[in-house]
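Hi,

Here is the structure I promised to send over. Have a look at it first, and my notes on what turned up are just below.

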Amino acid sequence: MDNSQIYGGNKRMLHRVKERIFAFVNTTLQLEVKGDYAIYKMPYRPPDKNGKERRRFTDFIGFKLYRYCTEIRKSTFKRIRRLLTNLHRGAYTLNRAHKFFSYWGCITATNSYHLRQKYINGKISITKLKELVRNESIHNRAVRAKT
């Protein structure tokens, strides 16, 4: 089993669930669970301006999951920003269009309003990128139909 997350109201309940999962995995599936699991509380509210509350998050498949929001990991954000600056310069290629729509899913699934305002809205033509991908798809269908 890899990359499972369970959220709950208190740690006692989470420990009980963990024991039941371990028992099921050991007896029924005859597998062992790695020992690098963690059980911890996540804060209820975002920290104030002074940073009073500790910001605990879970790093999971390219995202930082907080209790109150989801952010893009810093390394992923840098790659997205680099792609968006290239697109802003007008370097529309098919490869960049595919990358953009792959990252677009990350952008829409997270709290990245300022990223959209600063790099995308009014600066990148999403219709041109869609047209590139559409034309390539039409071309591929025509080639497959000939063979």
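Let me start with Glu71, since it ties a few things together. Its relative accessibility is 23%, so Glu71 counts as partly exposed; the cut-off for buried is under 20%. The side chain of Glu71 meets that of Lys64 in a salt bridge, at 3.6 Å from N to O. Please keep in mind throughout that this is a predicted model.

Lys64 also has a place in the sheet: Lys64, in E2, is the bridge partner of Asp59. E1 and strand E2 (residues 63-65) pair in the antiparallel sense, over three bridges. As a reminder, strands of a sheet pair through backbone hydrogen bonds, either parallel or antiparallel.

Now the whole chain. You'll find five helices and three strands in it, and reading from the N terminus the elements go α-β-β-β-α-α-α-α. How spread out is the chain, compared with a compact globule? Its radius of gyration is 22 Å, whereas the globule rule gives 15 Å for 147 residues, so the chain is more spread out than a compact globule. Along the principal axes, the C-alpha atoms fill a box of roughly 60 × 55 × 20 Å. Buried residues account for 22% of the 147 residues.

Back to charges. Side chains of opposite charge can pair when their charged atoms come close. The structure holds four salt bridges, and the Lys64 and Glu71 pair is one of them. Here are two others to click on:

- Glu19 and Lys18 meet through their side chains at 2.8 Å, N to O. Glu19 is partly exposed, with a relative accessible area of 45%, while Lys18 counts as buried because its relative accessibility is 12%, and buried means under 20%.
- Asp36 and Lys34 form a salt bridge as well, with their closest N and O atoms 3.8 Å apart. Asp36 and Lys34 are both exposed.

Ala38 is 17 residues from Ile21 in sequence, and their C-alpha atoms are 14 Å apart in space.

Leu31 is in that loop too, which runs between helix H1 (11-27) and strand E1 (58-60). Is Leu31 buried, partly exposed or exposed? Its relative accessibility is 44%, so Leu31 counts as partly exposed.

Cheers

Conventions. Residues are numbered from 1 along each chain as its sequence is written. This is a predicted model: local features need pLDDT of at least 70, side-chain atom pairs count only at pLDDT 80 or more; totals for chains, interfaces and linings use all residues. Side-chain values use heavy atoms; hydrogens and water are left out. Helices (H or I, at least four residues) and strands (E, at least two) are DSSP runs, numbered from the N terminus. Buried means under 20% relative accessible area, exposed over 50%, partly exposed in between (1.4 Å probe, protein chains only). Two strands pair if DSSP finds at least two bridges between them. The radius of gyration is taken over C-alpha atoms; the globule rule is 2.2 Å times the number of residues to the power 0.38.
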